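Here is a short report on a predicted model. It takes up charged contacts, a sheet and a pocket in turn.

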Amino acid sequence: MNEMITLNRLKGKEKINTLFRKGTIHRTKLLLLKVLMTSDEENRLYAGVSVPKKIFSRAVDRNQIKRQLRIALKTLEKEIPFSGSCMLIYNGQKTPTTQKLIVELKIILEKYS
């Protein structure tokens, strides 16, 4: 595990496009994690969250799930074993609980350990 990784927001069209072109994918039942690891000396993780509009047409629902995903990332910040860029996408059909998202994210992060 890396020493103290700082969690930052993933911004910029170029960074996001590079992540989706070159990144690797890990899935669970509810989540999809797209990761592009860097070999920089910096211990920074740029993270973004997304919820598809096709599944959740109401913006209120999408925003609630995005907040829950950010809480899950912040909770497990010290357990993230890589630095670079990542995008966390929710693929479930129903609105989840925050605890369920934390458990799913732990399962994905164990694959990187």
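## Salt bridges

Which residue forms a salt bridge with R21? The partner is E14, and the closest N and O atoms are 3.7 Å apart. Both residues of this pair, R21 and E14, are exposed.

The model has three salt bridges by the distance rule. One of them links the side chains of D61 and R58, at 3.9 Å from N to O. D61 has a relative accessible area of 18%, so this residue counts as buried, the cut-off being under 20%. Another bridge joins E77 to K74, with the closest N and O atoms 3.3 Å apart. Is E77 buried or exposed? E77 is buried, because its relative accessible area is 16%. K74 is exposed, because its relative accessible area is 52% and the cut-off for exposed is over 50%.

Strands of a sheet pair through backbone hydrogen bonds, in parallel or antiparallel fashion. Here β4 and β5 run parallel. Six bridges join them, and β5 spans residues 84-90. Within this part of the sheet, G48 stands opposite M87 in β5.

## The largest pocket

What is the volume of the largest pocket? It is about 260 Å³. Three elements each supply at least two residues of the lining: β1 (6-9), β4 (44-50) and α2 (59-75).

The lining residues are L7, N8, R9, L10, I16, A47, G48, V49, R70, L73, K74 and M87. By class, seven are nonpolar, two are polar and three are charged. Several links to the earlier sections stand out. G48 and M87, which stand opposite each other, both line the pocket. K74 also belongs to the lining, and K74 is the salt-bridge partner of E77.

Notes. Residues are numbered from 1 along each chain as its sequence is written. This is a predicted model: local features need pLDDT of at least 70, side-chain atom pairs count only at pLDDT 80 or more; totals for chains, interfaces and linings use all residues. Side-chain values use heavy atoms; hydrogens and water are left out. A salt bridge is a side-chain nitrogen of Lys or Arg within 4 Å of a carboxyl oxygen of Asp or Glu. Buried means under 20% relative accessible area, exposed over 50%, partly exposed in between (1.4 Å probe, protein chains only). On a 1 Å grid over the protein atoms alone, a cavity is a set of points where a 1.4 Å probe fits but cannot get out, and a pocket is an open set with protein on both sides within 12 Å along at least five of seven lines; lining residues have an atom within 4 Å of a point. Grid points are joined across faces, edges and corners, and a volume is the space filled by probe spheres set on the points. Helices (H or I, at least four residues) and strands (E, at least two) are DSSP runs, numbered from the N terminus. Ala, Val, Leu, Ile, Met, Phe, Trp, Tyr, Cys and Pro count as nonpolar, Asp, Glu, Lys and Arg as charged, and the others, Gly among them, as polar. Two strands pair if DSSP finds at least two bridges between them.
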